[in-house]
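User: Hey, could you walk me through this protein? I have some questions about how the chain is put together.

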Amino acid sequence: MMKDLTCIIIGGGYVGLAALKLIKEKTKGMTNGRRIRFVLIDKEPGHLRKFRLFRPTTVEEEIMIPWNDLVLEGFEFVHGTVTFVDSGEKRIQYTDAQGNDAQIHYDLLVVAVGSSVRRPDPNQGGITLVDPQEASEIRKRWRANMRKAAHETNPKERKRLTTIAIVGAGISGIETSADLALAMKREATALGLNSFDTSVYLLNSQERLLPEVSEKYRQKLVQELSKCGVTVLNNRKVLREEAGLVTFSNGDSLPVSICIWMIGLIPNPGLRGMGLPLTSDGRVVVDGSYRVKGAPGVYSIGDCARIVDPKTGEEDQMTCFEGSLQAFRLAKIVMADQEGRPAPIHRSSKPNMDNYFNIGLGQEGVFWIRKWGLDMVMTGKLPGKIKKFVEDKASMLR
Ligand SMILES: Cc1cc2nc3c(=O)[nH]c(=O)nc-3n(C[C@H](O)[C@H](O)[C@H](O)COP(=O)(O)OP(=O)(O)OC[C@H]3O[C@@H](n4cnc5c(N)ncnc54)[C@H](O)[C@@H]3O)c2cc1C
């Protein structure tokens, strides 16, 4: 009997999970008469729902889902941190949960180790929303500050204690600010404070919010944010937060109780030293079919890879949307490579992406679609529900 072929996926984020599911479905667990054994390896004990990273800033919500609780079946899970890909010997080296070094052989390998949240310089102060622990820490801090505010007699200090600044106005900054503003209002009412006295400032370094969307959508979004209690300040470059004071490059300042940095994502720093070819900014170099240069059987997709449309030269962004489309194509590529057929080539998904946005604001949302000559904006509960549905699907919840 022929030996099983081992397909290892490194990283069970949204993109790694999609790759595992789609390769399993596409191959039906077999290739060239050999059974495929699927192994998922991740450094965490569960799948982190990154979209909802900000949720524990307002409520106690579990955003790390144990691997056994996902709808996916038919794979082995290895809890370990991959340190090196030995592409000559076709094996990965990792440190297991007990801290021991170990290795596994692969025939096929998908590197989907994703990204990390970008931190500012340590001397810029504030707190960065990096993981669920930091999110819970933020929740404890603002709630403690609100309790202090309830007993504070100095109005200026009371105002500071009930003010939060979010630096960075991308989608995650927007969603975090809305969630926090709504939760702070609720807490203020419960503590007998005036809910209008709480303030959340969303500090945007650019001239306007989300330059890629239509003016109609932007206006609606700013209006809905303001209803939640969020004030958007454009053209504000933050220098630092120190002792409760945020200072801007134009010399202005803003007293706050907490300053939260949400300034985007960087490719997983752990990739340096993993033995894979990297771009100068630390992303894995792949060809038009996601194959890693000089490493047979190794593919890389998602936030950790530099994916370029060979026709237009356009680069994919670090989004789950684009990563999922890559996973879909990767399953076909793996099949084609196994069968010695020409494999599909990456095509940028940008034109569609630019025309669709759905941003969650608490339980509600603001949805935008620009297609077929329409420029349609929808607000309220339905966009919020759609967002939640898409997120649950991406995390493969039962
Ligand atoms: C707050 C927030 C909101 C967002 N909102 C949106 C949105 O609305 N729409 C959208 O399209 N995108 C959004 N994004 C971006 C989206 O989350 C990412 O594009 C997506 O998570 C990328 O998935 P991935 O699987 O490539 O990487 P990741 O989600 O980063 O997953 C990587 C996985 O690899 C594991 N790993 C890392 N290193 C190792 C190692 N050495 N060994 C073993 N395992 C390892 C990690 O534990 C993790 O499970 C948002 C991001 C954030 C932070």
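**Around the ligand**

Analyst: Let me start with the ligand: helix H1 (14-27), strand E3 (34-42), strand E6 (76-86), helix H4 (171-190) and helix H6 (320-339) each supply at least two residues of the shell around it. Helices here are DSSP runs (H or I) of at least four residues, strands are E runs of at least two, and both are numbered from the N terminus. Keep in mind that this is a predicted model, where local features need pLDDT of at least 70, side-chain atom pairs count only at pLDDT 80 or more, and totals for chains, interfaces and linings use all residues. Residues are numbered from 1 along each chain as its sequence is written.

User: Which residues come nearest to the ligand?

Analyst: Gly11, Gly13, Val15, Gly114 and Gly302 come nearest, out of 33 residues around the ligand. A residue is near if its C-beta atom, placed from the backbone, lies within 6 Å of the molecule.

User: And how does that shell divide into nonpolar, polar and charged?

Analyst: There are 15 nonpolar, 13 polar and 5 charged residues in the shell. Ala, Val, Leu, Ile, Met, Phe, Trp, Tyr, Cys and Pro count as nonpolar, Asp, Glu, Lys and Arg as charged, and the others, Gly among them, as polar.

User: What does UniProt list for residues 7-309?

Analyst: An unreviewed UniProt entry lists them as "domain: FAD/NAD(P)-binding". The positions are in the numbering used here, feature names are shortened, and annotations may be inferred rather than shown by experiment. Over residues 7-309 the model has 25% helix and 30% strand, with the end C-alpha atoms 26 Å apart.

User: OK, zooming out. How many helices and strands in the protein?

Analyst: The protein has 8 helices and 25 strands. Its C-alpha trace spans about 80 × 55 × 40 Å along the principal axes.

User: What percentage of the residues count as buried?

Analyst: 39% of the 398 residues do. Buried means 20 or more other C-beta atoms within 10 Å of the residue's own, exposed means 12 or fewer, and partly exposed is in between, with C-beta atoms placed from the backbone. As for contacts with a separation of 6 or more, 64% are between residues 24 or more positions apart. A contact means that the C-beta atoms, placed from the backbone, lie within 7 Å.

User: Switching to strand E9. Which of its residues are buried on each side?

Analyst: Leu108 and Val110 are buried on one side of E9 (residues 108-111), Leu109 and Val111 on the other. E9 pairs with strand E1 (residues 5-10) in the parallel sense over 4 bridges, and 3 bridges join E9 to strand E21 (residues 298-300), also parallel. Val111 has Ile10 as a bridge partner and stands opposite Ser300 in E21. To call two strands paired, DSSP has to find at least two bridges between them.

User: What's the strand order in the open sheet of 5 strands?

Analyst: The order is E11-E18-E12-E13-E14, with parallel pairing. Strand E11 (127-128) and strand E14 (230-233) are at the edges with a single partner strand each, so one side of each has no neighbour in the sheet. E11 pairs with E18 over 2 bridges, and Thr128 has Trp261 as its bridge partner in E18.

User: And Ser257, buried or exposed?

Analyst: Ser257 is buried, because 21 other C-beta atoms lie within 10 Å. Ser257 sits in the loop between strand E17 (253-255) and strand E18 (258-261). Leaving aside neighbours within four places in sequence, its contacts include Trp142, Arg160 and Gly244.

User: Last one: where is Lys90, and what is its phi?

Analyst: Lys90 is in the loop between E6 and strand E7 (91-96), with a positive phi near 55 degrees. Most residues other than glycine have a negative phi. Lys90 counts as partly exposed because 18 other C-beta atoms lie within 10 Å. Met396, in the segment after helix H8 (381-394), also has a positive phi near 55 degrees.

Notes: Two residues are in contact if their C-beta atoms, placed from the backbone, lie within 7 Å.
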